[in-house]
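Subject: Structure for your review

Dear colleague,

Please find below the structure that I am handing over to you. My notes on it follow directly after.

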Amino acid sequence: MNKVENLFITGMFRSGTTLLTRMLNTHKYITVAADPYAPIFKQLRNEVAKKIFENNFDINMPLDDYYFEKDKNNLFSLIQKVDLDKESIVSSKDLINLKKNLRQHMRPYSPKLEKHVNKIVSKNFFETYKNGLDEIKKAYGNKDTKILGFKEVWTNEFIPPLIKSFKNIKIIQIIRDPRAVIASNYAKKNEKYPLLFLCRQWRKLASLSYLYNEKYKNILNIKYEDLIENTDVVSREICKFLKIDFDPNILDPSKFK
């Protein structure tokens, strides 16, 4: 493997994406940042939404499930077709807000990236994503890094434009039993999501995971339950998918980072 491969991990909230990220980061050749760039995807959604809703759209709302409403269905369709190289952030105010939102979002999860924000953000979404990968390597990677990427939850619908723009991208989608997701949500002391919201989001993300796995060759679907119960088997499957040698450190929780 001569060039650095791009890895994107996504799935449902409370589905094991953080666990998988910490496991993979023990591998000599893998660097994966945790939850740094959700505001970029949200800003892309907002730019696309302007074409449908004009000024009648709440830019702060969560990513939707898009079901049963014509305008939201149209928004989903446009997101699927968007060209990252041609989609830009028009407003200077939006660029300023994106930098602010990125700093706030990445601070608890990937704090070393916060000082890199000015180098990450560009008007062009392709450049912003590419810059984001470059800065992850500077902040967390090293000369041995061959698989470079990040994980974000809720964001499966952006997979088609990512695949269109990045030919060397590999994507891992994690799916978890919705009952366990809900139980994990209500076990938290704060920031609990409403039950109906979780059900709708799980429906969306599970459906898209199946759809994209059938459509694209560079996607691997993992069930959280398999990752926990058959860790060795699933870890080897992941390494094979990424075309790197298996590293037993992946199985050692004391080395997770």
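Which residue forms a salt bridge with arginine 107? The partner is glutamate 114, and the closest N and O atoms of the two are 2.8 Å apart. A salt bridge here is a side-chain nitrogen of Lys or Arg within 4 Å of a carboxyl oxygen of Asp or Glu. Arginine 107 is partly exposed at a relative accessible area of 42%, and glutamate 114 is partly exposed at 23%. For these terms, buried means under 20% relative accessible area, exposed over 50%, and partly exposed in between (1.4 Å probe, protein chains only).

Two remarks on the basis of these values are in order. This is a predicted model, in which local features need pLDDT of at least 70 and side-chain atom pairs count only at pLDDT 80 or more, while totals for chains, interfaces and linings use all residues. Residues are numbered from 1 along each chain as its sequence is written, and side-chain values use heavy atoms, with hydrogens and water left out.

As to the overall architecture, the chain has 11 helices and five strands; these are DSSP runs numbered from the N terminus (helices: H or I, at least four residues; strands: E, at least two). The radius of gyration is 18 Å, close to the 18 Å given by the globule rule for 257 residues, so the chain is as compact as a globular protein of that length. The radius is taken over C-alpha atoms, and the rule is 2.2 Å times the number of residues to the power 0.38. Of the 257 residues, 50% count as buried.

The structure holds 13 salt bridges. One of them joins the side chains of aspartate 35 and lysine 151, at 2.7 Å from N to O. This pair links distant parts of the chain, 116 residues apart: aspartate 35 lies in the loop between strand 2 (30-34) and helix 2 (38-53), and lysine 151 in strand 3 (residues 147-153). Aspartate 35 is buried at 8% relative accessibility, as is lysine 151 at 3%.

Another salt bridge pairs aspartate 232 with arginine 236, whose closest N and O atoms are 3.0 Å apart. Both residues belong to helix 11 (residues 231-242), where they sit four residues apart, about one turn of the helix. Aspartate 232 is partly exposed at 32% relative accessibility, and arginine 236 is partly exposed at 42%. Finally, salt bridges link Glu47, Lys50 and Asp94 in a network.

Yours sincerely
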